[in-house]
Amino acid sequence: MSSKKVIELFYDVVSPYSWLGFEVMCRYSRVWDVELKPRPAFLGGVMQGSGNTPPGLVPNKFMYMVKDLNRLAQYFDVPLQAPSDPFEAMFKKGSLSAMRFVAAVQDKRGDKQVEQVSRELWRRIWSEDKDITEPASLSEAAMTAGLSASEIEELLTLSTSKQIKDKLKSTTQEALDHGAFGFPLFVCHINGKAEMFFGSDRYELMAHCIGEKWVGPQPGKSAAKL
């Protein structure tokens, strides 16, 4: 059994802050003595289940969020750029089909492939202003992530099955049971105790709580300078 501390990362590719959190934790999973477990879930279900209101629905919060994301993209060195119509991308189109597809990828191909496919879906919506809801869009992202046409066809079929729909619902409910009200959600398991952290700005506190060291958004570069 691994002695590493476990960090579960609950996320949805419709969430730009989840992309920032995802990339930072992927970097730190190679530096900290931790095991990172990606937990693809449905943000819409978490918002509804927790009774939360998306910040994008409040005009002043929405304007701030766009500026904030531009600054964060530079700080974290993630190629994040808001789509031409963020409201349509996030709230009208949503991410249910995309997250079912990611859940199917995890079920059949494991966490490493989930990392690659999730990243390509984030790139589509939050860097290239492209769709992530249609089967052709999911196929293109998966192919860029290295999956074959036959594998993608199988995964698209699986993503519409009751098995995968239930899997995504279950993971979303787990996030709610941990106290989620949005994403990204980090759940750190240390000595049998679970600690929850919300958002892409709690890394210093998370590091302190798990006995690790935060050295900035790019630990490899930071270490090289020391």
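Predicted model: local features only at pLDDT ≥ 70, side-chain atom pairs only at ≥ 80, totals over all residues.
Residues are numbered from 1 along each chain as its sequence is written, and side-chain values use heavy atoms, with hydrogens and water left out.

**Exercise 1. Describe how helix 5 packs against helix 6.**

Step 1. Two packed helices are described by the angle between their axes and the distance between the axes. Helices (H or I, at least four residues) and strands (E, at least two) are DSSP runs, numbered from the N terminus. Axes are lines fitted to C-alpha atoms, for helices over the stretch in contact, and angles run from 0 to 180 degrees between N-to-C directions.

Step 2. For helix 5 (residues 96-109) and helix 6 (residues 111-126), the angle is about 155 degrees and the axes are 8 Å apart. Helix 5 is therefore roughly antiparallel to helix 6, given that angles under 35 degrees count as roughly parallel, over 145 as roughly antiparallel, 65 to 115 as roughly perpendicular and the rest as oblique.

Step 3. The two helices, helix 5 and helix 6, cross in a right-handed way; a crossing is left-handed if the near helix is turned anticlockwise from the far one by less than a right angle, and right-handed if clockwise.

Step 4. Contact means heavy atoms within 4.5 Å. On the side of helix 5, Ala-98, Phe-101, Val-102, Val-105, Gln-106 and Arg-109 take part, and they meet Asp-111, Gln-113, Val-114, Val-117, Ser-118 and Leu-121 of helix 6. Sorted by class, the contact of helix 5 with helix 6 holds seven nonpolar, three polar and two charged residues, where Ala, Val, Leu, Ile, Met, Phe, Trp, Tyr, Cys and Pro count as nonpolar, Asp, Glu, Lys and Arg as charged, and the others, Gly among them, as polar.

**Exercise 2. Repeat the description for helix 7 and helix 8.**

Step 1. The axes of helix 7 (residues 135-144) and helix 8 (residues 149-159) come within 10 Å, and they cross at roughly 135 degrees. Helix 7 and helix 8 are therefore oblique to each other, and the crossing is right-handed.

Step 2. From helix 7, Pro-135, Leu-138, Ser-139, Ala-142 and Met-143 meet Ala-149, Ile-152 and Leu-156 of helix 8. By class, the contact of helix 7 with helix 8 has seven nonpolar residues, one polar and no charged.

**Exercise 3. Find the residues that touch the most other members of the largest nonpolar core, and examine the surroundings of Tyr-11.**

Step 1. A nonpolar core is a set of buried Ala, Val, Leu, Ile, Met, Phe, Trp, Tyr and Cys residues joined through side-chain atoms within 4.5 Å. Buried means under 20% relative accessible area, exposed over 50%, partly exposed in between (1.4 Å probe, protein chains only).

Step 2. The largest nonpolar core has 69 residues, of which Ile-7, Tyr-11, Trp-32 and Met-206 touch the most other members. Helix 1 (residues 16-28) gives the most to this core, namely eight residues.

Step 3. Leaving out residues up to four places away in sequence, Tyr-11 touches a set of residues including Phe-22, Pro-38, Met-99, Trp-122 and Phe-183.

**Exercise 4. Is Phe-186 buried or exposed, and which residues does Phe-186 touch?**

Step 1. Phe-186 belongs to strand 3 (residues 185-190), and with a relative accessible area of 0% Phe-186 is buried.

Step 2. Among the residues that Phe-186 touches, not counting those up to four places away in sequence, are Ile-7, Leu-9, Met-25, Phe-197, Tyr-203 and Met-206.

**Exercise 5. Examine the backbone at Pro-184, Asp-129 and Asn-191.**

Step 1. Most residues other than glycine have a negative phi, and most peptide bonds are trans.

Step 2. Phe-183 and Pro-184 are joined by a cis peptide bond, with omega about 5 degrees, and Pro-184 lies in the loop between helix 9 (162-177) and strand 3.

Step 3. Asp-129, in the loop between helix 6 and helix 7, has a positive phi near 55 degrees and is partly exposed at 40% relative accessible area.

Step 4. Asn-191, in the loop between strand 3 and strand 4 (193-198), has a positive phi of about 50 degrees although it is not a glycine, and is exposed, with a relative accessible area of 82%.
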